[in-house]
Amino acid sequence: MPGTPKNKYVCIHGHFYQPPRENAWLEVIELQDSAHPYHDWNERITAECYEPNATSRILDEGGVIKNIVNNYSRISFNFGPTLLSWMELYSPETYHAILEADRESIKNFGGHGSAVAQVYNHIIMPLANRADKETQVLWGIRDFENRFKRKPEGMWLAETAVDTETLEILAANNIKFTILAPRQAKAVRKLKAEDWIEVNDRSIDTTKAYQYKLPSGNSIVVFFYEGDISQAIAFNGLLNDGKRFADRLLNVIDQGDSEPQLVHVATDGETYGHHHKHGEMALAFCLDYIEQQGRARLTNYAQFMELFPPENEAQIIEDSSWSCVHGVERWRANCGCNTGKPGWHQHWRKPLREALDWLRDEVKEIFEREAIKVLRDPWKARNEYINVVLKRSDDNIRRFLKVHALNESSSSNRIMRIMEMQRHAMLMYTSCGWFFDEISGIETTQVMQYACRVIQLANQIGEVDLEAEFIRRLEQAPSNVSAYEHGAAVYVKEVLPSRTNLQRVGIHFAVSSVFEDEPESLTIFNYSTSSEAFIKKEAGEQKLVLGITNVKSMVTRSQKKFAFAVIYLGKHNIIGNISLDMEPEKFSGMQLRMVKAFEEGRLGDVIGLMQTYFGPDKYTIWHLFQDEKRKILDMISQESMMELENSLRKSYNQDYPLINALANNNIPIPNTYRTTFEYVLNADLVKIFQSEKINIKEMERIVAELARWNLKIEDPRKLSRLAGESIFKELKRISSERENVKRVQRLNRMFPLLEKFKLEPNFHKSQNLYFEISMENKSRQVQELEVEWVEQFKLLGTNLGVKIE
């Protein structure tokens, strides 16, 4: 804006991060019921925060949407690499919006992108050894380059935990700046001045950039964010009012000071939408208001650093962080920092870290001893293994092996196992494992799961069993939960059941193949399967499946062949067997005998033959991986529910006249009938929202029936979600049929009915699409025949809470 001061700037930084939650063997996030109604916490937080910030609303005085903006393009931000790898697969629209925002910010901020890199999997850098620090930085940089197609200028340190060695590694890798908390500043002085001035979180001038001179002769710029406002954003309700948020930032600026000033704050990015509902809208309003006011300019750190190189230097407090007043003790001691569970301690933190440190050092010896036999430079190979992690294609693995394998005869499977052992030895240090209150929490069991994978790979590579000693060390980590007692019990009860090998994948394939339409070649998470033989027979509800299948890990490239047989007896009753060493001739003979017995209805003989050929070990539906088990059980229960619904619907149709007569004569209706009517009407409503075409008359009938019998909606959250999805589907049809006024009219009739149902659908995607259609309509000439369509479309905007001039 003309007249805006040229040396007064505002920068808002969001640290967007989720710990890696993927199963250490399957490389996918399994169902997390605590994230209901979403599949897992990544999916839930994406819906509440990451996606809304890519399409944030700016409201007018009446609370109606007047603009939709991408917040990321006007702030500074970092995203955890492991979060972005998940988002690329499971929320690609949001992922690409983030990449586009960085490209847009380059235009906004003088050629400097707003995205900042992050140490790879969020380990506490001062507590890491030198090798892990270097790999974390190199992997973070390479991941950033792969996604944002440029070199990073800054890097976010996990929990802003810092020491001089870490800053040396950043500077050596051409990282120009990092962001720290004000309490991490120790002393400051003007460049070339002699005397240091001691500072604290109250006295440090956060509006300046500081050079940090390193012992090596290199230097890096550090920005100490404004602490009070950051605290107010995260914890004190500042996001309740976007204007007040903006004013707090602008009021820090001293307009009487002619020197450059940067008012900047930093919080968890999840503050904007997940921790504080509609926080992304407060952020959007704040950014818009700052631009409108003309009292300061928006910027990012790299642009400010280029415009105003540091004139001051700083010393840091070694081993300090932003979320522990005791330095980095939160990640290795019972320091008192926790999330507030009354009466609980964190004495488990120290022995957990010591157990993992012991494991890391043990596998380091295995790595150095075994890797040198197959790799030219093991540590260089580890640092460059990120190129395989980013894309696990056969070509990419061949390129990696060509550069790093000692010779062509080196086992690719062995090399991949060695590299995976080292990857998981870093993943087990993800900071969230220590952040919360209890060792049995999902974040801590996750890091123990990575440790379990390390132990398994170390056994395969070095033929050494580290598990007994690891469990013994975990016995020293006390739990707050009586059911566990200590970390060893948590490990045995919560981690070991997740452990997977090729045989378990083969069991999963065998059992799940009963329910698959084309099971001969399945991808099971990060395993591929291919069948040499596959036979499936059905007799009513019963099914028999036999086969010989090869299972291959797409990560380590290890593979095994299995023969299997499974019989399905109906409902959830499944019996399966698997063999690693059955000869083809033996399998053929078994196949003939089992198929004949099955076709003749001799199920007892089938089960007896399975025991003869495979032995006594049996597998059932309970041996399936969690998501697949839930899917199959849902499918089975859905069939039973359909039978129940048909029975209730028959009663509803047959007895409706009777119930009507009772009501007309003021005779109380039995509760059994009320329950039947409620179930049937709710089922009808679900079908309406799931159908391709919205049936408004049917919706009106259900509204009338629910009101007449004084019945309620059984699952408002589920129906609200389905209604939102139905509206979005209908709006997509409207987008492709601009002349169809009846379609818009029909959709508009739906909104008063939703109010009567007391449903609250999420209109976010529909609002985005409505805004997009509106922008396209602005360029079109409205003809006389389109007037009614335009009026109905405006009404639709009112119903969705969007206003376009």
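What share of the contacts in the protein chain with a separation of 6 or more is between residues 24 or more positions apart? I looked it up: 70%, with contact taken as heavy atoms within 4.5 Å.

Notes on the source. The model is predicted, so I kept to its limits: local features need pLDDT of at least 70, side-chain atom pairs count only at pLDDT 80 or more, and totals for chains, interfaces and linings use all residues. Residues are numbered from 1 along each chain as its sequence is written, and side-chain values use heavy atoms, without hydrogens and water.

Whole chain. I found 28 helices and 19 strands in the protein chain; these are DSSP runs numbered from the N terminus, helices being H or I of at least four residues and strands E of at least two. The radius of gyration, taken over C-alpha atoms, is 31 Å, close to the 28 Å of the globule rule for 805 residues, so the protein chain is as compact as a globular protein of that length. That rule is 2.2 Å times the number of residues to the power 0.38. I noted that 56% of the 805 residues are buried, meaning under 20% relative accessible area with a 1.4 Å probe, protein chains only.

I traced six strands in an open, mixed sheet, in the order β7-β11-β10-β14-β8-β9; two strands pair if DSSP finds at least two bridges between them. β7 (177–180) and β9 (197–198) are at the edges with a single partner strand each, so one side of each lacks a neighbour in the sheet. β8 (residues 185–190) runs antiparallel to β14 (residues 312–316), joined by five bridges. Arg 189 stands opposite Glu 313 in β14.

Technical notes:
Buried means under 20% relative accessible area, exposed over 50%, partly exposed in between (1.4 Å probe, protein chains only).
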